[in-house]
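Visitor: Please take one part of this model and go through it closely. I would like the helix packing and the ring contacts that go with it, with the cut-offs stated.

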Amino acid sequence: MASSILLQQPTHCFFSNFQLLKSCRHGWETIMCDTESSKRIRPIRASTAVETFPSASFPIFESPSQPEDSLASELEPADPDFYKIGYVRSVRAYGIEFKEGPDGFGVYASKDVEPTRRARVIMEIPLELMLTISQKLPWMFFPDIIPIGHPIFDIINSTNPESLTICTLPWQTDWDLRLACLLLFSFDVEGNFWQLYGDFLPSADECTSLLLATEEDLLELQDQNLVSTMREQQRRALEFWEKNWHSAIPLKIKRLAREPERFIWAVSMAQSRCINLQTRIGALVQDSNMLIPYADMLNHSFRPNCFFHWRFKDRMLEVMINAGQRIKKGEEMTVNYMSPQKNDMFMQRYGFSSSVNPWDVIQFSGNSQIHLDSFLSVFNISGLPEEYYHNSAGQLSSDGETFVDGAVIAAARTLPTWSDGDMPPIPSAERKAVKELKEECLQMLAEFPTTSEQDQQILDSMPEARRTLEAAIKYRLHRKLFVEKVIQALDIYQEQILF
């Protein structure tokens, strides 16, 4: 995925026998119409301007307004071969088209999509095209492309067989190593679909995964904990390659990954594109790690415009979506890969971050607290902490843009607060708490070697930088923008509540 989702992403899997009504027009030809006239979307770019929510009910379901005239030429229809290799193998898509831009592939609506209660099918993918491996012993593959006695099975069997949980970190078990081995093996099987589909996966130079980052890139993160974590992941993948790709291995194994960089790239593909699903084959139900072609092109957003589900039927996987809002023709269809997770978790798994992640946190060390209900009231935030949302048109605007965004939602969760029934806040105490919290935020910013303005200047000055270096600088920029947004929110809170 280009910007693309979990350290084992939970998804909805439906086992159903009822027949879903489908359009009588089947095939990729329903996708490719009106490509030139469809609206284009600006690719993601780090900026010191903070992304904002539109002022409407439940804005988390709404996509940001997009400029119609800028960077439209950077999005192009997918190569016809991208459609052809799937169409001849019975892959079908309905009401969508694939486009490619500077940040990779994305899925776009080829016609207006109205929000409905009933999920709609947007893709049908034969199970035989997926790469599937069970999470627990005995290892089961589907399709069963590994011949009996092939040494790749011994390599897979040497991995850690611990069972996985949704919160398991990828380096605590070896699911990604197993899936990487299976992916590399599929590239070597004559006539296998993945030999062709692999041409459309991001190359090592195009990938933002920090597994492929150099030591210099990691140091640019300005986050020692994340640097240590990624070093451990890189060491783990390298040691696995050195253990199994030694000089005495058969040629049919050696050619899968002659260099460690090839294997580490495969691990990054497994981590960033894997989906954890519960599959059923006959009476056997098991948890599996799957690489699902075409569906893996759905990109991530912290403000997704649709939710996706899965259903197995007639040896096909149906990819289904519920639109949370009206999606216009030409707009990108986005989903949320994993929630709730902080930016550092997205960086570990996918290599991207955001300054408006509503689940990001700041670790405050002082004892100062502000009044929770008053803070929520000032910014029109409603719901339980796990479901905070901006519920109405805000009064806090500048140049027509609403102030409240995902960073303010995150601030409501991460700021130290107190609430004691009907006891109102004391203005002098709130003023003191706001001052101390702001001072702590300013101290956090002072500890960074660079400022957010300097980070943005660095990004602007090196448009051809390595993708991993660019992702590292954006990560530290997003951390600073989040802290700065919290300071702005505290200023507004103080003005609104005290005067």
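Guide: Helix α3 (residues 175–188) packs against helix α8 (residues 260–273) at an angle of about 115 degrees, with the axes 8 Å apart. Helices here are DSSP runs of H or I of at least four residues, numbered from the N terminus, as are strands (E, at least two). Axes are lines fitted to C-alpha atoms, for helices over the stretch in contact, and angles run from 0 to 180 degrees between N-to-C directions. α3 and α8 are therefore roughly perpendicular to each other; angles of 65 to 115 degrees count as such, those under 35 as roughly parallel, those over 145 as roughly antiparallel and the rest as oblique. The model is predicted: local features need pLDDT of at least 70, side-chain atom pairs count only at pLDDT 80 or more, and totals for chains, interfaces and linings use all residues. Residues are numbered from 1 along each chain as its sequence is written, and side-chain values use heavy atoms, without hydrogens and water.

On the α3 side, the contact (heavy atoms within 4.5 Å) is made by W175, D176, L177, L179, A180, C181, L183, L184 and F187. α8 contributes R262, F263, W265, A266, V267, M269, A270 and Q271. These contact residues comprise 14 nonpolar, one polar and two charged. Nonpolar covers Ala, Val, Leu, Ile, Met, Phe, Trp, Tyr, Cys and Pro, charged covers Asp, Glu, Lys and Arg, and the others, Gly among them, are polar.

α8 also packs with α6, at an angle of about 125 degrees and with the axes 10 Å apart. That makes α6 oblique to α8. This crossing, too, is right-handed. Q233, A237, L238, F240 and W241 of α6 meet P260, F263, I264 and Q271 of α8. Seven of these residues are nonpolar, two are polar and none is charged.

The structure holds 28 aromatic pairs, counted when ring centres of Phe, Tyr and Trp (its six-membered ring) lie within 6.5 Å; planes under 30 degrees apart are stacked, over 60 edge-to-face and the rest tilted. One of them is the stacked pair F240 and F263, 5.5 Å centre to centre with 20 degrees between the planes. F240 lies in α6 (residues 224–244) and F263 in α8, so the pair ties together parts 23 residues apart in sequence. F240 is buried at 7% relative accessible area, and F263 is buried at 0%; buried means under 20%, exposed over 50% and partly exposed in between (1.4 Å probe, protein chains only).

Conventions. Left-handed = near helix turned anticlockwise from the far one by under 90°.
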